[in-house]
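Please look through the structure below before reading on.

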Amino acid sequence: MTLDSFLDQLAAVFLVGSGLFSLAAGIGLLRFPDVLARMHAATKPQVVGLMLVLGAIALAERSWAVLLTLLPVLLFQMLTAPISAHMIGRAGYRAGNIDDDHLYVDELDEAIDEAQEERARHERESGS
């Protein structure tokens with residue numbers, strides 16, 4: 001077995017793994033009960049799946065130019081996935097699309113109450 005054929009087979013394994021992670025994410029989105037659980041399924045398997053696809057592309061192409069093109073894609077995906085999940089989680093919480101039985105600590109409820117009290121106090125002060 002040559003190095004080229006080994007790298008091609010490894011790229012194929014990465015592609016299959018990526019497909020399995022993406023399939024798991026899709027099943028999680030359909031099967032998980034609330035927004036917070038679906039948020040987990042929408043971010044982590046997708047990022048790992050993307051990492052495997054990018055690894056497969058890098059292994060198949062074996063070029064520094066391709067690798068330097070793939071790195072920003074991975075970097076931006078890893079930077080934006082947690083932020084988008086955070087925003088989706090907060091929106092789902094405010095819309096009431098969460099299952100309270102699965103929460104151990106509800107820190108956001110206290111923060112929302114404090115923000116609403118602050119807002120009400122500010123409105124009273126500006127109105128009088």
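Contact here means heavy atoms within 4.5 Å of each other. Helices (H or I, at least four residues) and strands (E, at least two) are DSSP runs, numbered from the N terminus. A residue is called buried under 20% relative accessible area, exposed over 50%, and partly exposed in between, with a 1.4 Å probe and protein chains only. The model is a predicted one, in which local features need pLDDT of at least 70 and side-chain atom pairs count only at pLDDT 80 or more, while totals for chains, interfaces and linings use all residues. Residues are numbered from 1 along each chain as its sequence is written, and side-chain values use heavy atoms, with hydrogens and water left out.

Begin with helix H2, residues 35-61. The expected span of a helix is 1.5 Å times one less than its number of residues. With its 27 residues, H2 reaches 38 Å from its first C-alpha to its last, close to the expected 39 Å. Among the buried residues of H2 are Val 35, Pro 45, Gly 49, Leu 52 and Leu 59. H1 and H3 are included in what covers the buried residues of H2. Just after H2 comes Arg 62, with a positive phi of about 50°.

Next is H3, which runs over residues 64-95. Its 32 residues should span 46 Å, and the end C-alpha atoms are 46 Å apart, so the two values agree. At the start of H3, a side-chain oxygen of Ser 63 comes to within 3.2 Å of the backbone nitrogen of Ala 65. Which residues of H3 are buried? They are Leu 70, Leu 74, Ala 81, Ala 85, Gly 89, Gly 92 and Tyr 93. These buried residues pack against helix H2 and helix H4, the latter being residues 107-127. After H3 comes Gly 96, which has a positive phi near 80°.

Now to the charged side chains. Side chains of opposite charge can pair when their charged atoms come close. A salt bridge is a side-chain nitrogen of Lys or Arg within 4 Å of a carboxyl oxygen of Asp or Glu. By this rule the count is five salt bridges. In one of them, Arg 62 pairs with Asp 4, and the closest N and O atoms are 3.5 Å apart. Arg 62 lies in the loop between H2 and H3 and Asp 4 in helix H1 (residues 3-31), so this pair ties together parts that are 58 residues apart in sequence. Arg 62 also meets Asp 8 in a salt bridge, at 2.7 Å from N to O. Asp 8 is in helix H1, and this pair links parts of the chain 54 residues apart. Arg 62 is partly exposed at 36%, Asp 4 is partly exposed at 45%, and Asp 8 is partly exposed at 40%.

Another salt bridge joins Glu 118 and Arg 121, with the closest N and O atoms 2.5 Å apart. Both lie in helix H4, three residues apart, about one turn of the helix. An α-helix has 3.6 residues a turn, so residues three or four places apart point the same way. Glu 118 is partly exposed at 44%, and Arg 121 is partly exposed at 35%.

Gly 127 also has its place in H4. At 67% relative accessibility, Gly 127 counts as exposed. The C-alpha atoms of Gly 127 and Arg 62 are separated by 66 Å.

Conventions: Polar contact = N/O pair within 3.5 Å; in protein donor to acceptor, adjacent residues only side chain to side chain.
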